[in-house]
Amino acid sequence: MPASANSAHDPGIPAFLIEQAEHALQQEFGPLERAVFDAAPDGILVVDRQGIIVGANPALLRLTGYTEASLLERPLDILLPESARGSHGRRLQQFFAHPHERPMGRIDDLTLRRADGCLVPVDIALGLGTWRDGPCVVAFVRDVTETRRLTERLRHLAAHDVLTGLANRGHLMLQLREAAAAAVRHGHTAALLLLDLDDFKGINDTHGHPVGDRVLQQVAQRLRETVRTDDVVARLGGDEFAVLLPRVDSPPDALRVADKLLLALGRPMHIDGLQLAVGGSIGVACCPQDARDADALMRDADLALYAAKADGRQQPARYAPALSHAMDERARLTDRLQHALRYGGLALHYQPQVDVRNGAVVGVEALLRWTDPELGAIPPARFIPVAEATGLILPLGDWVLHEACRQLRAWVDQGLHLRVAVNLSPQQFRQPGLAAQVRDVLQGHGVAPALLELEITESQAMTDPTQARRTLTALADEGVTIALDDFGTGHSSLAVLKQLPVQRLKIDRTFLQHIPEDTTDGVLVRGVLALARTLRRDVVAEGVENPAQLDFLRRCRCPAYQGWLFAPALPPEALAARLSGEAAGGAAAGAMGCHSA
Ligand SMILES: Nc1nc2c(ncn2[C@@H]2O[C@H](COP(=O)(O)O[C@H]3[C@@H](O)[C@H](n4cnc5c(=O)[nH]c(N)nc54)O[C@@H]3COP(=O)(O)O)[C@@H](O)[C@H]2O)c(=O)[nH]1
């Protein structure tokens, strides 16, 4: 009998059995075979055609935890999980009916039951042998616990995002395909929700990537906690997440889930002593109502997400066919805008800012204009949001800064010393090293910093006041002035406002729109003016279109205004002509505030 020579004798085993085994061993094995059998790293198990164990090497005894004596002459069943016993008996009979060899790796879910009842994952190769003139099966048994663990780990890694532990894009797509097919087949609704964090880049830029990573982990946790266990939550990359609801009652239900997710996301996050407000936008597409397969659902949810972001009201948006046209437009504008940045088509126009008392031009606001050879003139309200969404706003903003400084220099050379205000987009404002960049551009064009004003919106300043204060202070240190645009729309905190190095508040044009009829707006404008006087800030009222509005501003002692009443944004030559005309007109047109050298 091929039993192990090294096994300790079990005191409970009758001596005659042990003697029998040792006798058989001497008969069957020469010394070389014995050494190989004992030293084999895999377990070796010999089973006769009745399913009785007739041999086991030391490696198998170690693997199973049995002693040799407690294993030999016992049915193979004791090494099998209970659920496998019946079928295994039949397989054994088939094996003996059609004996064959089987290498390792053919069956991947085999388990062995140890003496202590635990199941060990194993791989088994089969060979044929002869035992007492009959056939026997020789099983080579390998413990694959580590290999299986590693395989499982690799399988998990291939399907999940390392940072958040959520499903990854590949895994989501598999689930989405299944969910879409099931929804179409059974006539229920599946929904895909795509979520994008608002201004996550700002969090990374301001607080660093470790904080950004923690934000993503908390977002993942909140999403997971908000939906059911059957729903799939995935991170698609960066700050993009997806939630698949394989079964909802109707599309409005999917929108309700999206509302809940936005609510969960909106709760302040506390990370490393920081309190962060993290908002997001969600686009929703439903199967089969909006699309009938996974790829189309992805595309539609993405379009809806873009619409939600553009809307900016922290409300989920559902796909609608019209959004496809919007997407086409975005792609077209992006392409043409890149073309304009490379080959031309961009220009700055300048809208005068005027002293209310004497009509003198005290400065101008640079406003970007774009005329495309194929699309014609495109208003900023159409292309700036696209540039913001695609990141093109950074090269565009750079172009504007250079062009404004080039024009400033040209005017100075002509003896015209005009303050030029340039709009900074939120992404530009968050760029590290902005102050140094502005200094370089000013120096490059030989322009005095005092001639340049930078405008940021009130809400830009109030979103992250600490960062805003740091950046604005650095800019002010360079000698440029700062204006708060759209003032009155961004929920300013007085405490914050007091600390910002801002020279000018620009009253948003919506407050001027219904003046003088709307008394509430009138009160608000007076309020801003009183506040500005207290804080010693200058003011420009925007969007002045008629003499009644100007008259109101005069009565409120508003220092300056800007609007179509005086002039729209003009090309530089038209502005220069207008200014020299005004200067020549002298007292009738009001003294010019710009200084001619
Ligand atoms: N980041 C950058 N943003 C820019 C730049 N250039 C423009 N913009 C932003 O685009 C938005 C729309 O700009 P635009 O169409 O140029 O409109 C400006 C004025 O033309 C308009 N305006 C001026 N006077 C009146 C008026 O009497 N009535 C009225 N209804 N509109 C008027 O107001 C816009 C100026 O807005 P603001 O910047 O808030 O002062 C706009 O948000 C621009 O900021 C750029 O270079 N970079």
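Of the contacts in the protein chain with a separation of 6 or more, 62% are accounted for by residues 24 or more positions apart, two residues being in contact if their C-beta atoms, placed from the backbone, lie within 7 Å. The model is predicted, and local features need pLDDT of at least 70, side-chain atom pairs count only at pLDDT 80 or more, and totals for chains, interfaces and linings use all residues. Residues are numbered from 1 along each chain as its sequence is written. The protein chain has 23 helices and 23 strands, taken as DSSP runs (helices H or I, at least four residues; strands E, at least two) numbered from the N terminus. Of its 597 residues, 35% are buried; a residue is buried if 20 or more other C-beta atoms lie within 10 Å of its own, exposed if 12 or fewer, and partly exposed in between.

A nonpolar core is a set of buried Ala, Val, Leu, Ile, Met, Phe, Trp, Tyr and Cys residues joined through C-beta atoms within 7 Å. The largest such core has 70 residues, and those with the most contacts inside it are Val 422, Leu 452, Ile 507, Ala 541 and Tyr 561. Helix H14 (residues 393-413) supplies the largest share of this core, 8 residues. Another core, of 52 residues, lies apart from it and includes Leu 194, Val 215, Val 243 and Val 284. Within the largest core, Ala 541 touches Ile 507, Leu 512, Leu 553, Cys 558 and Tyr 561, residues up to four places away in sequence not being counted.

Two helix pairs were examined. Helix H9 (residues 209-226) packs with helix H10 (residues 251-266) at an angle of about 140°, their axes 9 Å apart; axes are lines fitted to C-alpha atoms, for helices over the stretch in contact, and angles run from 0 to 180 degrees between N-to-C directions. H9 is therefore oblique to H10 (under 35 degrees counts as roughly parallel, over 145 as roughly antiparallel, 65 to 115 as roughly perpendicular and the rest as oblique). The contact involves Val 219, Arg 222, Leu 223 and Thr 226 of H9, and Lys 260, Leu 261, Ala 264 and Leu 265 of H10.

Helix H11 (residues 294-311) and helix H12 (residues 322-343) pack at about 75°, with axes 9 Å apart, which makes H11 roughly perpendicular to H12. Here Leu 303, Ala 304, Tyr 306 and Ala 307 of H11 meet Leu 323, Ser 324, Ala 326 and Met 327 of H12.
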